[in-house]
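Dear colleague,

Please find the structure below, followed by a short account of what was found in it.

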Amino acid sequence: MAEDRTGQLVVMFVSERTGDDPEGYAAAAEAMDRLAAQQPGYRGIDSVSAGGLGITLSYWADEASAVAWRRHPEHAATREAGRGRWYKWHRLHVADINRSYSWARE
């Protein structure tokens, strides 16, 4: 079950992929997941994709942590590669989480 994320920052990345270079995309996504998890202030990730559309939510302790991740050189290089190769478009939204709860079937 997910933890309470109240007080964290969420970066919401919504995208549509081109379908080009799926192996390269998968390798880059895995590398970015590993790298993000090593960053100060990282609190977790949720991601889903279907039919080329994807939503990734990354959770951060605060704005400074999320901005530091955005500025990380490897992340910046992968982001540019994505714009040139893997994405038709993407949107990014950043918000504070004011309330958080979860439920799971037993």
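In what order do the elements of the protein chain run from the N terminus on? The order is β-α-β-β-α-α-β, with helices (H or I, at least four residues) and strands (E, at least two) taken as DSSP runs and numbered from the N terminus. This is a predicted model, in which local features need pLDDT of at least 70 and side-chain atom pairs count only at pLDDT 80 or more, while totals for chains, interfaces and linings use all residues. Residues are numbered from 1 along each chain as its sequence is written, and side-chain values use heavy atoms, leaving out hydrogens and water.

Overall dimensions. The C-alpha trace spans about 35 × 35 × 20 Å along its principal axes. Of the 106 residues, 29% count as buried (under 20% relative accessible area, 1.4 Å probe, protein chains only). Among contacts (heavy atoms within 4.5 Å) with a separation of 6 or more, 77% are between residues 24 or more positions apart.

Strand 2 (residues 42–50) and strand 3 (residues 53–60) run antiparallel and are joined by eight bridges; strands pair if DSSP finds at least two bridges between them. Alanine 50 has leucine 53 as its bridge partner in strand 3. Two residues lie between the strands of this hairpin, and glycine 51 in the turn has a positive phi of about 60°.

Yours sincerely

Key: Buried means under 20% relative accessible area, exposed over 50%, partly exposed in between (1.4 Å probe, protein chains only).
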